[in-house]
Amino acid sequence: MRSILNRSGPPDAVIAYAVRFDAPGHYRLHALGQGGHDGELIDRVAVRFGAADQIGAARPDVAGQLALPGLPAWVEGPTFAVESAGWHWLALERGEAPPRDLSRYPSWRIDQLVITPTDAAAAARDGATATLADAAVAVPTVPPSLQPVVPSHPVFAIKDGVAVIEAEQLAYRGGWELRHEPRGFTGEGYLYWTGPEHSRSVEGLGGNDDDFGIRQGPPSARLILRVHVPEAGRYQFDARNWHRLSDGDNDAWIGRPGQIIDATSPVVRIGDSLRDGTGFTWLDWGGPVFEFGAGVNEIFVGGRSIGFGLDRFVFFAADDSAARERALDPATPPTTPLPGPR
């Protein structure tokens, strides 16, 4: 048996493939792919495998790992035993990350996957024709354990020229961690970026989830800010933040899907340089002005440097000094999200 699997299933942290085996036996997974490094470091992808009728809501067992080098190459993956013919789930997810100080962007890309019997020659994978799904055959439903968690993003209305959003009011994951020390935050805590670092631009590397040629990490790790504007206008953004050093742990990415937010790029940096001392302070630089249309507008913030904390976000009418003063006052209560799904 030889199969190249087309991608199916959830597009988030786990990529799942339904594979139907026509005979029991021992099989090996081969992959054509590459890691996300400039050098010789290896990205590791965990491979899960299990019979569809035995998984249910549980996750398939880890069968092994794919070790992907920096340049595209075929690699041999784990072997697995198929005890009976029928449907099985093959799932890929991020494995053990390289050491943080050796790699700024652990990531991976898969071009092709091939399954062969373990006694088949490795050359059998080269030039294999893609296996097409048979429309007459019912594919099993992706089990809940392999489905992505789709967060709900609240909407905050700008009222009297101001919206104040506590960071913990947002859906956060993928590197963001709620912390309660040191003290000085507003609300219940602040979000701290634990990594990995996404601090270098790249050229000529595709598939890095770097929508704009900048290593900003996967969309699943972004904080989504959705604000409802009663009428179109110019609104200033700022963020109350925390960091320890004057450089190295002091910035994040900010962008607006599909739109330029400065003269050259749809994604820019926001950051702080301890100009106003340590502790929780507002941004020293990088708070852009957005042209918002009437209705719901969306902004994303992505982690860039490990150790940067975000306490609250504000939007205020760019030409209204009174609105600016209210927005930047830590005593101003946060905006209550609008009711209902958005």
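Reply: A salt bridge here is a side-chain nitrogen of Lys or Arg within 4 Å of a carboxyl oxygen of Asp or Glu. Side chains of opposite charge can pair when their charged atoms come close. The model is predicted. A search of the whole structure finds 10 salt bridges.

Take Arg 240 and Asp 311. Their side chains meet in a salt bridge, 2.7 Å from N to O. The pair links distant parts of the chain. Arg 240 lies in strand β14 (residues 233–242), Asp 311 in strand β20 (residues 309–317), and the two are 71 residues apart. Both Arg 240 and Asp 311 are buried.

Next come Arg 226 and Glu 298. Here the side chains meet at 3.5 Å, N to O. Arg 226 belongs to strand β13 (residues 223–229) and Glu 298 to strand β19 (residues 295–303), so this pair ties together parts that are 72 residues apart in sequence. Arg 226 has a relative accessible area of 17%. Buried means under 20%, so Arg 226 counts as buried. Glu 298, at 30%, is partly exposed.

Now Arg 179. Its salt bridge partner is Glu 177, and the closest N and O atoms are 2.7 Å apart. Arg 179 is partly exposed, at 28% relative accessibility. Glu 177 is partly exposed too, at 34%.

Last, a network. Salt bridges link Arg 234, Glu 291 and Asp 319.

Methods: Residues numbered from 1 in each chain as written. Predicted model: local features only at pLDDT ≥ 70, side-chain atom pairs only at ≥ 80, totals over all residues. Heavy atoms only, no water. Buried < 20%, exposed > 50% of the residue type's maximum accessible area, 1.4 Å probe, protein only. Helix = DSSP H or I, 4+ residues; strand = E, 2+ residues; numbered from the N terminus.
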